[in-house]
Amino acid sequence: MKKIFLTSLLAVFAVSGANAAVINDNPLYRPDQGNFYSMTGLSSDTNSTTTVGLSEEFGYGITDRLAVGIAMTMSENNWFDQSDWGTLGIGVNYRLLDMANWKADVYGSYGVGPVWAYDASFMDKDLTWYNWNIGVRAGYMTETWTVAGHVAFDYVNTESFNWGDDGLHLISMGLDAFFALNDNWSLLAGAEYTGIMDDRVENAGTWEGKLGANYNIDDNKFLGIYMTKEMTHTGAGQWTIADGFGFGAKFGIQF
């Protein structure tokens, strides 16, 4: 269940967070200096369970304030009969503010997609889009709960450095909440709006809500499940709630 047709082309790297040794899908997580992390995701949709989305994000904390990473997405259709390598992106994240419970990060990434479609060649020039992203995430974190908001802008075009009028400008903004029930279980919820800022595109935006639960295996591993629901702008001020819902799982580990 994709928010808009360009969503699957955008780089997914956007780590932010709290200088914390625990990886638990907190929206303000970031790796400490010298730590690697991996986030692996699996998703589908009740309207098309034969389509499965795969994602992988791998990063490293250069310092407690600076992290870098690489991320990719893939999809499998008709029970793995057709495979697409959707996106590939690199990103950087910097802790701008670390003042008691208040945290703020700036991040940016560069991505391409589709990298390789089952019915097209590698980086097909007629299909590939290039995406530049910059954003900020800020929030308040305690030992048991976190609330964080973010705003990000994307520029997408058919060439890496094509700044012409044929490119698309996107904005995404959202709010995420995290609550630890105990040492093992935590709940999370969030809502995000993604919109195309160019007037020539009629389908201009989508809201996505998310609910999930995580089981923290230990301080360095967690397993989570979640479900999503979308509401899409169809033009003329009308909004349509999508049929069905998305669902998925995520596994995170740091080392």
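Gly205 touches Tyr193, Thr194, Gly195, Met231, Thr232, His233 and Trp239, leaving aside residues up to four places away in sequence. Keep in mind that this is a predicted model. The chain has 15 strands and zero helices, and Gly205 sits in one of those strands, β12, which covers residues 205-218.

**The chain as a whole**

- Of the 255 residues in the chain, 45% are buried.
- Take the contacts between residues at least 6 apart in sequence: 54% of them link residues at least 24 apart.

**Around Gly205**

- Is Gly205 buried or exposed? Gly205 counts as buried because its relative accessibility is 0%, and the cut-off for buried is under 20%.
- Tyr193, one of the residues that Gly205 touches, is 12 residues away along the chain, with 7.0 Å between the two C-alpha atoms.

**The nonpolar surface patch**

- Which residues form the nonpolar patch on the surface? They are Tyr94, Leu96, Leu97, Met99, Trp102, Val106, Ile134, Val136, Val151, Phe153, Met173 and Met197, and together they have about 1,100 Å² of accessible area.
- Four strands each put at least two residues into the patch: β6 (82-99), β7 (102-113), β8 (129-141) and β9 (145-157).
- β6 supplies the largest share, with four residues.
- Ile134, one of the patch residues, belongs to strand β8.
- Ile134 has a relative accessible area of 57%, so it counts as exposed; the cut-off there is over 50%.
- Gly205 and Ile134 make a handy pair to look at: Gly205 is buried at 0%, whereas Ile134 is exposed at 57%.

**The cavity**

- Why roll a probe over the atoms at all? A probe the size of a water molecule shows where empty space is left.
- How many cavities of 30 Å³ or more does the structure hold? There is one, and the largest cavity contains about 30 Å³ of space.
- Its lining is made up of Asp25, Leu188, Lys210, Gly212, Asn214, Ile225, Tyr226 and Lys250.
- β12 and β13 (221-235) are the elements that contribute two or more residues to this lining.
- β12 gives the most, with three residues; this is also the strand where Gly205 is found.

How values were computed: Residues numbered from 1 in each chain as written. Predicted model: local features only at pLDDT ≥ 70, side-chain atom pairs only at ≥ 80, totals over all residues. Heavy atoms only, no water. Patch = residues over 30% accessible without salt bridge, like charges linked within 9 Å, V, L, I, M, F, W, Y side chains within 5 Å. Areas by Shrake-Rupley, 256 points an atom, 1.4 Å probe, with all protein chains shown as cover. Salt bridge = Lys/Arg side-chain N within 4 Å of Asp/Glu carboxyl O. Buried < 20%, exposed > 50% of the residue type's maximum accessible area, 1.4 Å probe, protein only. Contact = heavy atoms within 4.5 Å. 1 Å grid on protein atoms, 1.4 Å probe; cavity = no way out; pocket = protein on both sides within 12 Å on 5 of 7 lines; lining within 4 Å. Points joined across faces, edges and corners; volume = space filled by probe spheres on them.
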